[in-house]
Amino acid sequence: MKAYWILFLFIIPSICVHPQAKFAKDITFSEVMFNPSSANSEFVEIYNLSETDTIDLSNFKIKYQSSSPDTILSAGKGTLLPPRTYGIIFESDYDFSSGIYSGIISASAIILRIHDNAFGSSGMSNTADRTLYLQNSHNDTIDVYTYSANNAVGISDEKIILNKDNTALNWTNSTKINGTPGSSYQAIPEGNALEISEINISPLMPVQGEEFTYSFTIKNRARYKTGPLKIEIYKDLNFDSLGSSNENLLTFTTSALNPGDSVIVEKRLSDIADGIFQLLVVASCKMEEDSLSFRKVVKFQVRPVPLQYNAIVINEIMYAPASDEPEWVEIYNRSERVINLKKWKFSDNSSSVVITNKDQIISPGEYVVLCRDTSIVECFQIFGKLITFSMPTLNNSGDKVALRDSTGVTIDSLIYFPSWGGSNGSSLERVDISQPTTIPLNWKTSLSSKKATPWQINSVTQKDYDLAVKEVCILPNRPLIGDSIDVNIKIVNEGKKDAKEASIQLFLSEAGSKERRTISEFTNIILRSCDSAIFYQTKACCLEKDILLYVKVVFPLDEDTTNNSLEYIVTPGYKESAIQINELMYSPEGNEPEWFEIINTSKDIINLKNWSFSTLSSKIKYKLSANDLLILPGKYKIVTKDSSIAGYYPGNTLDLIAMSFKALSNSSDEIVLYDSWGNAVDSLKFRSSWGGKKGRSLERFSLKAPTCDSTNWTTSIDKMHATPCQDNSATDLQYYFRNSVVVNEIMYEPSAGNCEFIELFNSSNDQVDLANWQIITKNGGGNIIANAHKVLSKGEYFVVASDSNLIRNYSYLAESQFSSLTGYSPFNLHNTEDMVEIKDAFGNIIDSVLYSSKWHNKNILERKDKSLERVNPYLSSNAPSNWSTSVSSENATPGKVNSIYVLNQKADKKFSILPNPFSPDNDGHEDFTIINYNLDQNVTSVRIKIFDSRGRLVRILYSQVSGSHGSIIFDGLDDHGNPLGIGIYILLLEELGTDSITLETIKSVVVVARKL
């Protein structure tokens, strides 16, 4: 017992020493004015929370932030603070009699001051948050408050609920200028006040149809006790925050609340639809003197039941439509749920767009097409729902597309590439909705005849029932006009199930006609899944013109009718060369385009639709026309690079096919013409050596001769350099016999001021047209003699020279009526030996001379700038004896009779020598004599010897096989090339048989004479 008394003695003194300590904790900050509207007017308000005890504030202190504490002093009414009473503490220099708070402070409040003229060192800050501390007389901190410096001038910080809660949630800005010193918070009536805290939802985003919890706290913020509380909970359907009877979910009551007390309400709710949900809570109570109520609203998202990935799939994409079609995407509901697309989003690689803000239902198994606008209706018949919105543009090179639900969850997505399919106006279709979206093999180009299947089962998707016309073939596969054709029809069952009681109908109509007639029908067809069958119709028709075959499968259960029919146009071909290449401009000059001419050589009107041509240089086919293009019998068409060709032939009416094609090679190339079946109808493989260079066309001689025969082509001789859509100028040219024109003179070694030339002579009995004739030399190649008609009369000369020096050296040529001049590149004739050939326009060799420098007269030492002349143009071109050096004073005789010419005066005798005597003195007069013989044998050997008057052999003139007749020229020289002296010589002709036995001998005298 003694121990207890001792303890009691220790405790009692402790309590008596600090009589205010147990009550100091009831003092709290209630208002702070740190930004007053007048100087020296800052204040701090405190409140005694005790219901019964008065607290003496003597030696209590206010500490501002880090400054030294300021002692609280009486301002005239003492320092005792009664229960439930405010105390207002001012700075010592505040005007207590007429300051700005005069008349505002409640008479019940206690006015106090601090011993200093400012809180802290220089007053409270109104720009930065600061902390106030309330200390008792023992320097214990009994309350702390940090104000927020965001107030306007004259606005204080006020405590909302008078308790020890100094958190920011229990303080607010005063609603009155200069605050409410000595009074309570203005937002709280003096009577009862209710507050509903934030309504909490758990889970935060409930799922449609599932139960969720909502909870809130109702608090009495008033000073007095409330009556029983009525709680009403509403589903605010119209979002007006009022609550109506049809929106009420629950109504109940709670017991009364004491001041500062609260009650927690927690309820459960279920079976709500997805979308935005607004919950309204109303708390009210009735008092004798008033009715109080408080409302609280919470709005939250109710998520739909989560969809499985691929519940809705992207089923078809039109990302590269034809120019007049829009882009679109088809989606498909493969789930068993009705799904609302409201607030769903569609995105590509760069943007995401809401599909619709309205309710848009997609039922199980339903298709919906997403498109930018309604122009899709102009391309496809609408079978289902169409949603238009600002759909992102899809990239033709590949893009990422995704479908997200209203909560942002990805339901389907893929990255497509052109290699998957779906380009050039056809859609990209999904093969199987049960297979992953991202597998490339699960996507293919639409097989539909319409190139897409919006609102329908995809053409590449296997159906339960699906018969397809796979192929229509004809035999022969490339028929000609007049052929009878057989038709083969291949049908495939692409469905998962067997097909029964199907039928096939085959119709025929003439091209351009809408009338169809039935050819045949196959009925009661049974075809197993994935099997095929071929149906034959022999001699379906005889072709006279283009026809259209139409095949149709009739199968009532078919789920894809887009492949139930097939059209097949049969265009009969034409026999080879029905259309022929007739003229070609492969080397135009200036800006003239390349072109070639075709002609219809048949008796029929031919449609060139889908005809084409190729060239060797390009190795690709160019289609002449994708539409009907008729060419009448005997008429021309010009295939040209552009229509500017018309300006080069103003007098011609041209029928043009203008198109782009690769330039033809100027050295050699080939043009092949194909009909609509791809048969080669005509081909021309030409070389520049055929003609047609330097702005002149290459023309065909005859349409009956082969196209690829080089002799059937020549350079145009028309004055316009070509004859497009007119008869070829070359058709007037004629064939000529050999030696009808001969080489009569050759200048192969001219001096520096002269030029090479070759003289031609018309040795025939008629006119000769030299148009497109050529001179061919071994070193100089081929040169055209005349690009236009050049008629050479009988016995007339024509000189071809390398340049105009010819006229300067032989001035008589300018006035001569027997000659003409053409300017070509040099012949480059060899000075020792060369071949000169003359060819007509058809390439026939008319004359050829293999000349030699040894043919010159050995007795004329200086031969430079002297021509080789022919003794007689009617005698052998390659007999050395028929050629010799010109003895003209001008060293050559171009365009006139050769200086060494000797007339061949054939006598009726068996043997003749004329002239006789002759004078081989190189004076240009009877320098040669011609020996003619006419023997009895058709084929024999002839040997001619010459002896002098003493019987000595001086020359073996001729010794070779010969016909029965011939002409030999004697130049008056011996076997060593020396001139024979004046005198009489014996000429002996021996006719030898095949066994060298002499059959006949003829002797005659020849006289060699010279000027004395």
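Student: Which backbone oxygen lies 2.8 Å from a polar atom of the side chain of Arg700, apart from that of Ser702?

Tutor: That of Ala705: its backbone oxygen lies 2.8 Å from a polar atom of the Arg700 side chain. The backbone oxygen of Ser702 also lies 2.8 Å from a polar atom of that side chain. Keep in mind that this is a predicted model.

Student: Where is Arg700 found, and is Arg700 buried or exposed?

Tutor: Arg700 is found in strand β50, which covers residues 698–700. Buried means under 20% relative accessible area. Arg700 has 1% relative accessibility, so Arg700 counts as buried.

Student: Which residues is Arg700 in contact with, leaving aside neighbours within four places in sequence?

Tutor: Among them are Gln580, Ile581 and Asn582, as well as Asp682, Trp713 and Asn728. Ala705 is also in this list of contacts.

Student: How many bridges join β48 to β49?

Tutor: There are 7 bridges between strand β48 (residues 668–674) and β49, and the two run antiparallel.

Student: What is the order of the open sheet of 3 strands?

Tutor: That order is β33-β34-β37, again with antiparallel pairing. The edge strands, β33 (467–475) and β37 (532–542), each pair on one side only. Neighbouring strands of this sheet are turned by 20° against each other on average, direction ignored. Strand β34 (residues 484–493) is joined to β37 by 8 bridges, and these two run antiparallel. Within that pairing, Val487 stands opposite Gln537.

Student: How many disulfides does the structure hold?

Tutor: A disulfide is a covalent bond between the sulfur atoms of two cysteines. The structure holds 0 disulfides. Take Cys473 as a case: the nearest cysteine sulfur belongs to Cys541 and is 15 Å away. The cut-off for a disulfide is 2.5 Å between the sulfur atoms.

Student: Are Cys473 and Cys725 buried or partly exposed?

Tutor: Cys473 counts as partly exposed, because its relative accessibility is 30%. Cys725 is buried, with a relative accessible area of 16%.

Student: Where is Ile88 found, and what does Ile88 touch?

Tutor: Ile88 is found in strand β7 (residues 86–90). With 0% relative accessibility, Ile88 counts as buried. Not counting residues up to four places away in sequence, Ile88 touches residues including Phe43, Ile105, Leu112 and Pro181. Ile88 and Arg295 are 207 residues apart along the chain, and their C-alpha atoms are separated by 35 Å.

Student: What radius of gyration does the protein have, and what would a compact globule have?

Tutor: The protein has 62 Å, whereas a compact globule of 1012 residues would have a radius of gyration near 31 Å. Along its principal axes, the C-alpha trace spans about 200 × 85 × 65 Å.

Student: How many helices and strands are there, and what share of residues is buried?

Tutor: The protein has 3 helices and 67 strands. Buried residues make up 49% of its 1012 residues. Of the contacts between residues at least 6 apart in sequence, 62% join residues at least 24 apart.

Technical notes
Residues numbered from 1 in each chain as written. Predicted model: local features only at pLDDT ≥ 70, side-chain atom pairs only at ≥ 80, totals over all residues. Heavy atoms only, no water. Buried < 20%, exposed > 50% of the residue type's maximum accessible area, 1.4 Å probe, protein only. Helix = DSSP H or I, 4+ residues; strand = E, 2+ residues; numbered from the N terminus. Polar contact = N/O pair within 3.5 Å; in protein donor to acceptor, adjacent residues only side chain to side chain. Contact = heavy atoms within 4.5 Å. Pairing = 2+ DSSP bridges. Rg over C-alpha atoms; globule rule 2.2 N^0.38 Å. Axes fitted to C-alpha atoms, helices over the stretch in contact; angles between N-to-C directions.
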